[in-house]
2 protein chains.
Amino acid sequence: MMLDETHDPQARSWLADANGHPEFPVQNLPLGVFSTTTAQPRGGVAIGEHVLDVAMISPLLSGDALLAAQAMSQPTLNALLALGTEPRRALRRALFALLTDAASEAKVRDALVPLRQCTLHLPAEVGDYTDFYSGIHHAVNVGRQFRPDAPLLPNYKYVPIGYHGRSSSIDVSGAEVIRPHGQIKRQNDAAPEYRASERLDYELEMGVWIGARNERGSPVPIETASDYIAGLCLLNDWSARDVQAWEYQPLGPFLAKNFLTTVSPWIVTVEALAPFRVPQPPRPAGDPAPLAYLTSGEDQASGAFDITLEVHLRTRRMRDAGAPPQRLSRGNMQFMYWTIAQLVAHHTCNGCNLRPGDLFGTGTISGTDPSSFGSLLELSQGGRAPLQLPNGEQRSFLQDGDELALSAYAESAGRARIGFGACVGVVRSNSPSPEGSGSG
Amino acid sequence: MMLDETHDPQARSWLADANGHPEFPVQNLPLGVFSTTTAQPRGGVAIGEHVLDVAMISPLLSGDALLAAQAMSQPTLNALLALGTEPRRALRRALFALLTDAASEAKVRDALVPLRQCTLHLPAEVGDYTDFYSGIHHAVNVGRQFRPDAPLLPNYKYVPIGYHGRSSSIDVSGAEVIRPHGQIKRQNDAAPEYRASERLDYELEMGVWIGARNERGSPVPIETASDYIAGLCLLNDWSARDVQAWEYQPLGPFLAKNFLTTVSPWIVTVEALAPFRVPQPPRPAGDPAPLAYLTSGEDQASGAFDITLEVHLRTRRMRDAGAPPQRLSRGNMQFMYWTIAQLVAHHTCNGCNLRPGDLFGTGTISGTDPSSFGSLLELSQGGRAPLQLPNGEQRSFLQDGDELALSAYAESAGRARIGFGACVGVVRSNSPSPEGSGSG
């Protein structure tokens, strides 16, 4: 899409805390669902340290923007997403105008709720959740643990590998990470046992919110595939590696993954991300070209996103000591082998129908060296090389009490930096805890 | 559950076409969603050659039965399923009483719609669809094609293997089977091509409708797992074998399966099936016992179902000649290695949360010899031994114009036979057809 006035880095809001905000300046305007002690869940837009109750300012809007604002009065954004691109863009332009025009302050101010008073919810009801595997360095790192000489399977560079995940256990940042039990067969065990996972891991992914539908039987051409994408979020594909190792053949991961998937609460729209689109990095020499149904010049020219991704860990002992979170990695969304438009085109190439509110995970996004690895499985080399933390603790996998946070931001010279909000979870046992923090 | 008056094989309805009906006598009363040219989709119960508009007779009901009937006024049965076991049973008893009591005919007759005037819909909105792999003979038959000496993987007899399927492309009997395209790499090809599948197959499965929810983090014990099951249907897990062979490693089937899953329109309740519960067949000598979280004496004693399963094929040439469908196989649901209660207990053993309206597939149910194999992959030995049809045609896989029908019934001495209704689909190309029957 073309950049417009909503991307002007000089634009300032009359809402002081939005200006220079590291995540939610007026150039971002991400979409979410919030509630307060007095208000039922409804659509909102993050601006600085506030949430704008969009339905409340409907009387100030008209046309497509009004249509979008009215859809946001509901407790999920599925209706908004179903409206497609134009109403969403019109709403963005209208909100930007209202928030930057000092004359509008008096009319809008009452619709702003301090973020700290809000409970944030899953932005949409997820009809289907698909997890891809497009982080090639992750695929190599994990494959190498099983097949040192041939870490990538023969299909990897042709097929945007994906599989269906669980919708019911997708929850928003802050959801409890309850350590799962499962069938686990340890190296020298004769038979599996049902026990608590000892190899609980995170996976750093981006989520893709789908904002359009195709009819069953009608593939989405690569040329229009990006029109099906409403926006992005962070996604943590929590994984029980010991359960996964025993269960995953021949039909793929199941209970190792479906106990919880955490997303950040805001849909950062493709409109907000337009200034951060970059060419898809060229494939290494010798790699096959994508098949024709996955190839578009425009997508190759601007289908990737320059988004910085970080992971931080704060153990219980670090929290108790008032120590700051420790960064485990810093990577970039450009490490994906496929663009998200290619994921849409591939997902529908057999006629599979997408619906507004569907969610894709990109797959774990790792870079080429350990400073950018997106899981403990990779960082600890399958548990063989535990991570050393500054306070002397070690981690091969997550321990009860660990707080794990994903974060992401886009910034580039001459552009306002935008962020994604929190994607955090604290691990707890599923047995009654001595602190009385919960029960199984 | 205990048998009651609703299972009395001598019971007769004042609705003559219900008595001796091969599928929908008064002892069945399956739940579905129907519409007519003048009525929006709503809940109904099949009785003989009619559908009973349940909400319409609400004034005749009270208590739990009324609650259930009111829930059936909606266009999906999710609200009914969410009510759980007791209201569903109360409704069954009340409808049985009304349909067997001649004095009620005058009050109920107007709520009966001829089945032939009804369009049947998916009975519930499927939140999550999980496909299992519990047909052990199918697993052996398929595994043998890849690993002749060790067809079953080491986890098979411990883990009720399952994976997540696609909800959006689940449709009801009669939905068009549009031959999918996909990446296919034929044996001597250097690289895959995007082309129409040439190895389109069906899979004979039973579907399991979930009628209760558990909280995330709270596994369902095997002892109460059967309370989470509302009823059964037929399920055809259409499969593109050539797409599957190339894409499925390492994360399992994806585009090979998610272009369409067809179910029969009626939820045949566990209450209707109570007379057909049988002991889970003993495991062969040498097989490991299920782990404790999958073991319950009651489930072993009555957790299986004696349901006969059939597959019929009618090619276009057979239809044109007025020839009857050809039976491809006849099997039984008892060929499952796991009970459906074990599937519920396993699915939730990591804390994964189920919701009313979730759907399980059992996996392809094949018997021990070809007369009961549940897919063409098995019947044609991977395409090497094409099936000979009576009119001289051959089939290794499905051709355009083929009509494939699954059917099922439960019958035993001294019991009224009950059936499941149709689960049928006709294959067509996704290119514009010379008959003008559709476009891609």
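Reader: What volume does the largest pocket have?
Author: Happy to start there, with the reminder that this is a predicted model. Rolling a probe the size of a water molecule over the atoms shows where empty space is left. For the largest pocket, the volume comes to about 1,000 Å³.

Reader: Which element supplies the largest share of the lining of the largest pocket?
Author: In chain B, β6 (129-132), α5 (136-146) and α6 (241-247) each supply at least two residues of the lining. Of the 41 lining residues, the closest to the centre of the pocket include Phe146(B), Arg241(B) and Gln244(B). The largest share, 6 residues, comes from α5(B).

Reader: Why are the buried residues of helix α1 of chain A on the same side?
Author: Good one to look at in the model! In helix α1 (residues 63-71) of chain A, the buried residues are Ala65(A), Ala68(A), Ala69(A) and Ala71(A). They sit on the same side of α1(A) because the arc they cover around the axis is only 160°.

Reader: Which helices do the buried residues of α1(A) pack against?
Author: An α-helix has 3.6 residues a turn, so residues three or four places apart point the same way. The buried residues of α1(A) pack against two partners in chain A: α2 (78-82) and α3 (85-100).

Reader: Which are the edge strands of the open sheet in chain A?
Author: The sheet has 5 strands with antiparallel pairing, in the order β4-β3-β2-β1-β5. Within it, β1 (residues 31-35) and β2 (residues 42-47) of chain A pair over 4 bridges. An edge strand pairs on one side only, and here the two are β4 (112-114) and β5 (119-121) of chain A.

Key:
Residues are numbered from 1 along each chain as its sequence is written. Chains are lettered from A and ligands numbered from 1 in the order in which they are written. This is a predicted model: local features need pLDDT of at least 70, side-chain atom pairs count only at pLDDT 80 or more; totals for chains, interfaces and linings use all residues. Side-chain values use heavy atoms; hydrogens and water are left out. Two strands pair if DSSP finds at least two bridges between them. Buried means under 20% relative accessible area, exposed over 50%, partly exposed in between (1.4 Å probe, protein chains only). The arc is that of the directions from the helix axis to the C-beta atoms. Contact means heavy atoms within 4.5 Å. On a 1 Å grid over the protein atoms alone, a cavity is a set of points where a 1.4 Å probe fits but cannot get out, and a pocket is an open set with protein on both sides within 12 Å along at least five of seven lines; lining residues have an atom within 4 Å of a point. Grid points are joined across faces, edges and corners, and a volume is the space filled by probe spheres set on the points.
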